[in-house]
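Here is a quick briefing on charged pairs and a helix contact. Have a look at the structure first, then read on.

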Amino acid sequence: METVSVFARVRPLSAREAREGEGRAVYAQAAHGAVSVASAYGGDGDRAFRFERVFDEDASQGDVFAACCAPLVACALEGTNASILTYGQTGTGKTHTMLGHDVWRLAAECARAAADRTSDGERGLIPRAMACLFGALKRSRARACVKVSYVEIHNERVVDLLRPPDGDGEPAALDIRDDAERGMIALGAEEVEVGAEDQVLDVLWFGAENRAMCATDLNERSSRSHTIFAVAIERLDRDGRLLRSKLNLVDLAGSEKWRSYELKAFSAARCVQINHWFGTSRPNFEIL
């Protein structure tokens, strides 16, 4: 059975927004599972958009993980493929929700120590999911193998973040294939066997150092690409049956209303391309 659930998370005002006295564009009605748009931003004050669940500004990373991701980890352990995707405009907190810290900026600054100091409460969905997965496998004492891959879709090319760029500085593009056993795969993508959360953080850091990035007016170090952190799980159940599944954790590029911002010509073209991808992405989501 295929099930799709949609959740919404509203971030608090940033320090700059609060300092400059900017108002709120949206309001979370967590008790009613709804989000309303302020009239100053095109809303009518009464219209609300409803979701499976809404997380307001006070929701913790743990709250989001428990509701959105923990059930998917449990499904993956039982042999069912599962995916979670973060979607929204640049600066809305997608990468914070997924990773917990701005690993892209820290990697650019060669500040690994700062990344390692991320508080437990700020850990994102990926480290929490992997800790949950390893904890469940340890408790079950099941024989298992967990491998992770990290790919990026940038400028309509799929590249491997776990493979250093070639001599010309450009990573080689990967081909997509439909595998009879594993489904859609990025052919030739590096898979790293992991057994602990620390090893996963090493993989994330290595991928961050290779990731293509550019600047926008919304977020100077915002990424213009989608990333897919894929977790392949193989384990034996109590009856000795081999269970195979994949858990995809996807951080989508920012979906911009580019006419509203002073973007460079290249960035504006990328915004159009990204938004077109979202508009035609249902088959991609079904594959995931």
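E57 is partly exposed, with a relative accessibility of 25%; that label covers the range between buried (under 20% relative accessible area) and exposed (over 50%), using a 1.4 Å probe and protein chains only. This is a predicted model, where local features need pLDDT of at least 70 and side-chain atom pairs count only at pLDDT 80 or more, while totals for chains, interfaces and linings use all residues. Residues are numbered from 1 along each chain as its sequence is written, and side-chain values use heavy atoms, leaving out hydrogens and water.

**E57 and its partner**
- E57 pairs up with R24 in a salt bridge, 2.9 Å from N to O; the term means a side-chain nitrogen of Lys or Arg within 4 Å of a carboxyl oxygen of Asp or Glu.
- This pair links distant parts of the chain, 33 residues apart: E57 sits in the loop between β5 (53-55) and α2 (61-77), and R24 in the loop between α1 (15-19) and β2 (26-29).
- Helices (H or I, at least four residues) and strands (E, at least two) are DSSP runs, numbered from the N terminus.
- R24 is partly exposed too, at 32% relative accessible area.

**Other salt bridges**
- Searching the whole structure turns up eight salt bridges.
- In one of them, R11 meets E17, with the closest N and O atoms 2.9 Å apart.
- R11 is partly exposed at 31%, whereas E17 is buried at 11%.
- E197 and R123 also form a salt bridge, at 3.1 Å from N to O.
- E197 belongs to helix α7 (residues 197-210) and R123 to the loop between α5 (112-116) and α6 (125-140), so their bridge ties together parts 74 residues apart in sequence.
- Of these two, E197 is partly exposed at 21%, and R123 is buried at 15%.

**Where α6 meets α7**
- The axes of α6 and α7 come within 9 Å and cross at roughly 150°; axes are lines fitted to C-alpha atoms, for helices over the stretch in contact, with angles from 0 to 180 degrees between N-to-C directions.
- On the α6 side, I126, P127, M130, A131 and F134 meet E197, V200, L201 and L204 of α7, where contact means heavy atoms within 4.5 Å.
- The residues of this contact split into eight nonpolar, no polar and one charged. Nonpolar covers Ala, Val, Leu, Ile, Met, Phe, Trp, Tyr, Cys and Pro, charged covers Asp, Glu, Lys and Arg, and the others, Gly among them, count as polar.
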